Amino acid sequence: MLSSIKSVLIGLTEEGLDEPSTALAYGLSLARQAGAHATIQASSLKVTVGSIFLSTMALDLVAAHNRHLKQLADSLAERALGEAGAAGVTCTVETPQLGYSELVESFLAQARVHDLTVLNAEALTVKAERGIIEALLFQ
């Protein structure tokens with residue numbers, strides 16, 4: 001069965017909460033055993049505001065929060081790339097920062113062209129990863 005797996009997508013979502021992740025280790029282990037290529041998508045949710053009535057200070061806070069999440073996702077991707085190298089797995093790393101619906105669509109597009117997708121389990125329905133999991137199952 002493992003011989004039929006040529007590509008593994010590992011989805012990691014950085015939300016700034018420092019949550020434990022098993023998806024990376026498990027996905028890399030599967031990719032190594034199958035001799036497959038891994039694509040690691042370490043994404044971050046971009047906060048957007050739609051009101052023109054917000055103050056410059058509020059807009060600056062949102063922009064600072066987005067920069068912080070992007071930096072966390074970039075650090076996560078760098079760490080994941082190092083772990084993949086240590087495991088002997090060839091991999092590609094992406095770090096998109098997108099709004100929620102674009103993030104889900106981007107991940108679905110990636111999942112459709114990979115043999116296997118690995119995500120962290122997410123119990124909270126308000127988390128981005130939970131939405132991605134539900135989209136993968138039902139779309």
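Hi everyone. A word on the ground rules: this is a predicted model, where local features need pLDDT of at least 70, side-chain atom pairs count only at pLDDT 80 or more, and totals for chains, interfaces and linings use all residues. Residues are numbered from 1 along each chain as its sequence is written, and side-chain values use heavy atoms, with hydrogens and water left out.

Let's start with the overall layout. The protein chain has four helices and five strands, in the order β-α-β-α-β-β-α-β-α along the sequence. Helices here are DSSP runs of H or I with at least four residues, strands are runs of E with at least two, and both are numbered from the N terminus. Of the 139 residues, 38% count as buried; that label means under 20% relative accessible area, with exposed over 50% and partly exposed in between, using a 1.4 Å probe and protein chains only. The accessible surface comes to about 7,900 Å², and 58% of that belongs to carbon and sulfur atoms. Those areas come from the Shrake-Rupley method with a 1.4 Å probe, and for residues only the protein chains shown count as cover.

Among contacts between residues at least 6 apart in sequence, 78% join residues at least 24 apart.

Now to the strands. Two strands pair if DSSP finds at least two bridges between them.

What about E1? Eight of its eight residues are buried. In a regular strand the side chains alternate between the two faces of the sheet. In E1, Ser 7, Leu 9, Gly 11 and Thr 13 point one way, while Val 8, Ile 10, Leu 12 and Glu 14 point the other. E1 also pairs in the parallel sense with strand E5, residues 116-119, over four bridges, where Ile 10 stands opposite Val 118.

Which residues have the most contacts inside the largest nonpolar core? They are Val 8, Ile 10, Leu 12, Leu 24, Leu 28, Ala 38 and Ile 40, in a core of 21 residues. Two or more residues each come from E1 (7-14), H1 (23-34), E2 and H2 (56-87), and H1 gives the most, with six. By nonpolar core I mean a set of buried Ala, Val, Leu, Ile, Met, Phe, Trp, Tyr and Cys residues joined through side-chain atoms within 4.5 Å. In soluble globular proteins, nonpolar side chains tend to be buried together.

One last stop is Arg 112, in helix H3, residues 100-112. Arg 112 is exposed, with a relative accessible area of 53%. Arg 112 and Leu 9 are 103 residues apart in sequence, and their C-alpha atoms are 9.7 Å apart in space. Thanks, everyone!

Note on methods:
Contact means heavy atoms within 4.5 Å.
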